[in-house]
Amino acid sequence: MARESGLSRATVSFVLNDKPNQSIPPATRERVLQAAARLGYIPYAPARTLRSGRSDIILLVLPPWPQGPAMNRLIDAAAEVLTEAGLTLVTHIHLGGPERLAALNTSLAPAAVFGMQPFTRQEQDVMRRAGVGLILPQPPEDHDLADTPWSSGVGRMQAEHLITRGHRQIACALPDDPRLAELGNSRLDGAARACGAAGLAPPLAAPVPLDADQAARTVSRWRDSPTPPTAVCAYNDEVALALLAGMRTMNLSAPDDLAVIGSDDIPAAAFAVPPLTTVALDSGSLGADLAHALQRSLDGEPEDFSALSPSVHVIERQST
């Protein structure tokens, strides 16, 4: 590259490594960067890691849930911010076992690891032994999933919306995917707390498969119960769409026969019949905030990651 640009090796090194306290004229810097582009220069990652003392990789550990639009928006926003900072976001779906995390971290040598679900103490210990210097967020003492961004307040907000619409008997349609059981139960807990605060009975709850006929059978059982619900908090928009489809096979409609509210505001929600009321999470802003907080943590600034949570609001449509 020095030969290509007609400059000294030292000057090329200063530019490529963005060395501080070096007065490199803009024209010289551009000359080096153009030479790098012509030669297809790519920094050698292991050497950069040795020199700087850390890699440029940020490892985002995802829980073993089906990844929907909300998580995709978070990842895209976080990757954009980190890329601008010269960092590389790598995502990993963690299927369990601290040894797997240790092996992954030994291979990648990330600058930081962030979990969308709190790590256990054992997982933190094995990652530290693998050489990871920054592991976030710190696990809560009770390892309470209800305090994570993906469940905090969603069920409560759904139930509160239905209660303000005059409903006094509420049901919760849970996912039938066992990977989502813990998250579904945390949203059910939020709905139950809202009902309790309003002096109402706890919600009826049942898993609802993504199948119109099976969803119809669940609705039929609810309607035959001693206290039939007049409204349903669905785990997410897909479960809500299954309920609406099942109701149509029974010649029932929302909200007259049964009001339905979902969560996630997927694109199809606005085109449901009727259009689906849903709880929307501003996961894109959360992803950007998370990335900025990670940058500050890498620079040694203390960060309270427990304070990071998405903006959550109800998008009211005709289904309620």
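**Close-up 1. Histidine 94 and its contacts in the predicted model.** Leaving aside neighbours within four places in sequence, histidine 94 is in contact (heavy atoms within 4.5 Å) with Val61, Leu62, Pro63, Pro64, Leu101 and Glu123. You will find histidine 94 in the loop between β2 (88-93) and α6 (98-108); helices (H or I, at least four residues) and strands (E, at least two) are DSSP runs, numbered from the N terminus. Its relative accessibility is 10%, so histidine 94 counts as buried (under 20% relative accessible area; exposed is over 50% and partly exposed in between, with a 1.4 Å probe and protein chains only). Residues are numbered from 1 along each chain as its sequence is written, and side-chain values use heavy atoms, with hydrogens and water left out. As this is a predicted model, local features need pLDDT of at least 70 and side-chain atom pairs count only at pLDDT 80 or more, while totals for chains, interfaces and linings use all residues.

**Close-up 2. Helix α3 and its buried face.** Helix α3 (residues 26-39) has 14 residues and reaches 20 Å from its first C-alpha to its last, close to the 20 Å expected at 1.5 Å a residue (1.5 Å times one less than the number of residues). Thr28, Val32, Ala35 and Ala36 are its buried residues. Seen down the axis of α3, these fall within an arc of 100° (taken from the directions from the helix axis to the C-beta atoms), so they line one face of the helix. That buried set packs against α1 (2-5) and α2 (9-16). Just after α3, look for glycine 40, with a positive phi of about 70°.

**Close-up 3. The largest nonpolar core.** A nonpolar core is a set of buried Ala, Val, Leu, Ile, Met, Phe, Trp, Tyr and Cys residues joined through side-chain atoms within 4.5 Å. Of the 27 residues here, Ala173, Trp222, Leu243 and Met247 touch the most other members. Two or more residues each come from β5 (170-174), α10 (212-223), β7 (231-234) and α11 (237-249), and α11 gives the most, with six.

Close-up 4. The structure holds zero disulfides (pairs of cysteine sulfur atoms within 2.5 Å).
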